[in-house]
Amino acid sequence: MSETSAASRAVPSDPVAGSPVYPAGSRVNEAGHLEIGGCDIVDVAREFGTPAYIYAPDDIRARARAYVDGLAALGEPAGSAEVLYASKAAPVTAIYEICREEGLSVDVASGGELTMALRAGFEGEHIYLHGNNKSEAELRLAIDAGVGTIVIDSLDEVERLERLLERPQRVLIRLTPGIKPSTHSYIQTGQLDSKFGFGLAHGVAAAAAERIAAIPQLELVGVHAHIGSQIFELEPFERAAEALAGFCAEHLPDPEIVDLGGGLGIAYAGADEPPSIAGYVGAKLAAVRRHFGPGPRLLLEPGRSLVGNAGLTVYEVGTVKEIPGVRTYAAVDGGMSDNLRPMLYGSAYEALLANRASERAPADSPITVAGMHCESGDILIRDAALPRPRPGDLLTIPATGAYGHAMANNYNGVPRPPVIFCSAGEARVVVRRESWEDLVSRDV
Ligand code: LLP
């Protein structure tokens, strides 16, 4: 692994240093290579192969601290707010560990995520269980592990909990406040027409709260709403807090907890300007204080904004195909199996050649970055500003740290990439690459 020399100079017009898309501290080194966490990505790719998810764990820590410090800076008494890592964004045991070490609690949305959180050492009281269809097995696992809080999402779940619980259990009720932030419709979750939670209209949520209150084991301590993800405006959170306060005024006076979910957007392109973590925390806290007063504890559930820009994917270019007068395709050794977001949401990404990182892209000949899957729609980037790639180049797509590894699959029998941490010039594998043998290991 290459060591970073403190005296080393930045490359003129470094496209990476200071870019909001890359982890803090990234740069182009003297060799013209991309460097993350002090590691030369060309060396990392040589050692561990491609494709690979690479994270700068220090960057995750810094973002976790920005949440905690952002709250502390607002002058609230200790314990008046709590930050939960929404672990669906990157369910990697080593990332759970970082969040635990930084004093965060955790939101899990399945028995699998719960298992990883427990493996990473989270105490039950710091775990919040989500899910719109928690199975009996998942609820039993949560109860046995002493999960502190369950976020109730349906009446069927209430019945299941009534059957399973032999002791008191703290619960929140998930509400859908009828608010649509401007983001992709697939990741809006707070609107009335939603599979999540209980709508405020037609007395649905009120009836659910009444049902929960009638069950002696269930201790309803507060309300939850997650209105969506990759949100750049702060105003919808104000409206969500207002809607929850309206509900509580009638059905749950003096809630102990108001959980406003996650949702803070990140930069996928250099020009994107999401609100800062401090600004977002301040807006949510102000909204809760305005509508609820000093009483309730605010819960934040950031996922993407903790890990999204801390991670990137490195691929190797295998083929380059120019269709005269149409476009040039550069195909990489991954695609929709390691990053579903372009196909699922039409998400746009940037790219860089890690081994030619200081070369400028010609203005007029964008490159289409294609995956290796048997599907025409398996395109990672439509028009990437890149120097003309050559087979063997290492193509990097930044900002894949959230919902990349999380949504990876084995389409076409493609093994899932490893997760590698780069910090202080050292690279270490925290999740190994899947093998072809792994793909037949469950056969019976
Ligand atoms: N809390 C709850 C209850 C959630 O459902 C989610 C995300 C979060 C917190 C975290 O939200 P974040 O801070 O990451 O925005 N696969 C999609 C994103 C789906 C988000 C699902 N829920 C994507 O790749 O954009």
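Guide: Two residues are said to be in contact if their C-beta atoms, placed from the backbone, lie within 7 Å. Leaving aside its neighbours within four places in sequence, I215 is in contact with V158 and E162. What you see is a predicted model, in which local features need pLDDT of at least 70 and side-chain atom pairs count only at pLDDT 80 or more, while totals for chains, interfaces and linings use all residues. Residues are numbered from 1 along each chain as its sequence is written.

I215 sits in the loop between helix 7 (204-213) and strand 11 (218-224), where helices (H or I, at least four residues) and strands (E, at least two) are DSSP runs numbered from the N terminus. With 16 other C-beta atoms within 10 Å, I215 is partly exposed; a residue is buried if 20 or more other C-beta atoms lie within 10 Å of its own, exposed if 12 or fewer, and partly exposed in between, with C-beta atoms placed from the backbone. From I215 to G112, 103 residues away in sequence, the C-alpha to C-alpha separation is 28 Å. R327, in strand 15 (residues 327-332), is partly exposed too, having 14 other C-beta atoms within 10 Å, and its C-alpha atom is separated by 7.1 Å from that of I367, a residue 40 places apart from R327 along the chain.

The chain is assigned domain 1 (27-57 + 309-440) and domain 2 (80-302), with bounds that come from an automatic or database domain assignment. Their C-alpha centres lie 33 Å apart, and the contact between them takes 18 residues from domain 1 and 14 residues from domain 2. On the side of domain 1 that touches domain 2, the elements giving two or more residues are helix 11 (341-345), strand 20 (419-423) and strand 21 (426-431). The residues of that side divide into 13 nonpolar, four polar and one charged, where Ala, Val, Leu, Ile, Met, Phe, Trp, Tyr, Cys and Pro count as nonpolar, Asp, Glu, Lys and Arg as charged, and the others, Gly among them, as polar.

The loop between strand 20 and strand 21 holds A424, which is partly exposed with 13 other C-beta atoms within 10 Å and has a positive phi of about 50 degrees although it is not a glycine. A399, in the loop between strand 19 (394-398) and strand 20, also has a positive phi, near 65 degrees, but A399 is buried, with 27 C-beta neighbours inside 10 Å.

Which residues have the most contacts inside the largest nonpolar core? They are I41, I54, V106, A117, I173, V223 and L244, in a core of 125 residues; such a core is a set of buried Ala, Val, Leu, Ile, Met, Phe, Trp, Tyr and Cys residues joined through C-beta atoms within 7 Å. Domain 1 and domain 2 both give residues to this core, so it lies between them. Follow L244 as one example: apart from neighbours within four places in sequence, L244 is in contact with L175, P177, V223, A225 and V258.

The ligand also brings the domains into one picture, since the shell around it draws at least three residues from each of domain 1 and domain 2. There are 21 residues around the ligand, of which A86, S229, G262, G303 and Y403 come nearest; a residue is near a molecule or strand if its C-beta atom, placed from the backbone, lies within 6 Å of it. This shell divides into seven nonpolar, nine polar and five charged residues.

Finally, consider strand 13 (residues 297-300) and its partners, bearing in mind that two strands pair if DSSP finds at least two bridges between them. Strand 5 (residues 81-86) pairs with strand 13 in the parallel sense over three bridges, and V83 stands opposite L300 there. Strand 12 (residues 257-259) is likewise joined to strand 13 by three bridges, running parallel, with D259 opposite L299.
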